[in-house]
Amino acid sequence: MGKSVLKNWSPRDVVRFLKKNGFEEHKAKGDHCGLFNAENKAYTEVDNGRNSFTQREMMAFVEQTK
């Protein structure tokens, strides 16, 4: 059957998507980008040092960002 749409997103893709959906950048350590949504009080950090994320990591972003 079909391929998962959550596979092989780059950090830039994840940050761009979250910003389009109400998240704003916040401080984070190292090469991470912290993103916070005040409306639903969701926070996540994206590791910008990666080439892409696995499907399991993408599902963690989904859970963290509500």
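Leaving out residues up to four places away in sequence, which residues does E57 touch? The answer is R50 and S52. E57 itself is found in helix α2, which covers residues 55-64. The side chain of E57 also reaches back to the backbone nitrogen of T54, at 2.8 Å. With a relative accessible area of 26%, E57 counts as partly exposed. Keep in mind that this is a predicted model.

## The overall layout

Let's step back and look at the whole chain. It has two helices and three strands, and from the N terminus on they come in the order α-β-β-β-α. The chain has 66 residues, and 27% of them count as buried. Now take the contacts with a separation of 6 or more: 34% of these link residues 24 or more positions apart.

Start with β1 (residues 24-26) and β2 (residues 32-37), which run antiparallel and are joined by three bridges. One place to look is E24, which stands opposite F36 in β2. These two strands form a hairpin with five residues between them. In that turn you'll find G30, with a positive phi of about 65°.

Next comes the pairing of β2 with β3 (residues 42-47), also antiparallel, this time over six bridges. Here H32 stands opposite D47 in β3. The hairpin of β2 and β3 has four residues between the strands.

As a general point, side chains in a regular strand alternate between the two faces of the sheet.

## Positive phi angles

| Residue | Where | Phi |
|---|---|---|
| G22 | following α1 | near 95° |
| G30 | turn of the β1 and β2 hairpin | about 65° |
| K41 | hairpin of β2 and β3 | near 55° |
| K66 | phi positive, not a glycine | near 55° |

K41 has its positive phi although it is not a glycine. You can find K41 in the loop between β2 and β3, and it counts as exposed at 63% relative accessibility. K66 is likewise a residue other than glycine. K66 sits in the segment after α2 and counts as exposed, with 67% relative accessibility.

## A helix with a buried face

Which residues of helix α1 are buried? In α1, residues 11-20, they are P11, V14, V15 and L18. Seen down the helix axis, these buried residues fall within an arc of 95°, so they line one face of α1. The spacing has a simple background: an α-helix has 3.6 residues a turn, so residues three or four places apart point the same way. On the other side of α1, R12 and K20 are exposed. And what covers the buried residues of α1? The cover includes β2, β3 and α2.

## The core

The largest nonpolar core has eleven residues: V14, V15, L18, F23, C33, L35, A42, V46, F53, M58 and F61. The elements that give two or more residues to this core are α1, β2, β3 and α2. The biggest giver is α1, with three residues.

Leaving aside neighbours within four places in sequence, V46 is in contact with P11, V14, V15, D31, H32, C33, L35, F53 and F61.

## Two ring pairs

To describe a pair of aromatic rings, you give the distance of the centres and the angle of the planes. How many aromatic pairs are there in this model? The count comes to two.

Terms used: Residues are numbered from 1 along each chain as its sequence is written. This is a predicted model: local features need pLDDT of at least 70, side-chain atom pairs count only at pLDDT 80 or more; totals for chains, interfaces and linings use all residues. Side-chain values use heavy atoms; hydrogens and water are left out. Rings of Phe, Tyr and Trp (its six-membered ring) pair if their centres lie within 6.5 Å; planes under 30 degrees apart count as stacked, over 60 as edge-to-face and the rest as tilted. Buried means under 20% relative accessible area, exposed over 50%, partly exposed in between (1.4 Å probe, protein chains only). Contact means heavy atoms within 4.5 Å. A polar contact is a pair of N or O atoms within 3.5 Å; within protein, one must be able to donate a hydrogen and the other to accept it, and residues adjacent in sequence count only if both atoms are side-chain atoms. Two strands pair if DSSP finds at least two bridges between them. The arc is that of the directions from the helix axis to the C-beta atoms. A nonpolar core is a set of buried Ala, Val, Leu, Ile, Met, Phe, Trp, Tyr and Cys residues joined through side-chain atoms within 4.5 Å.
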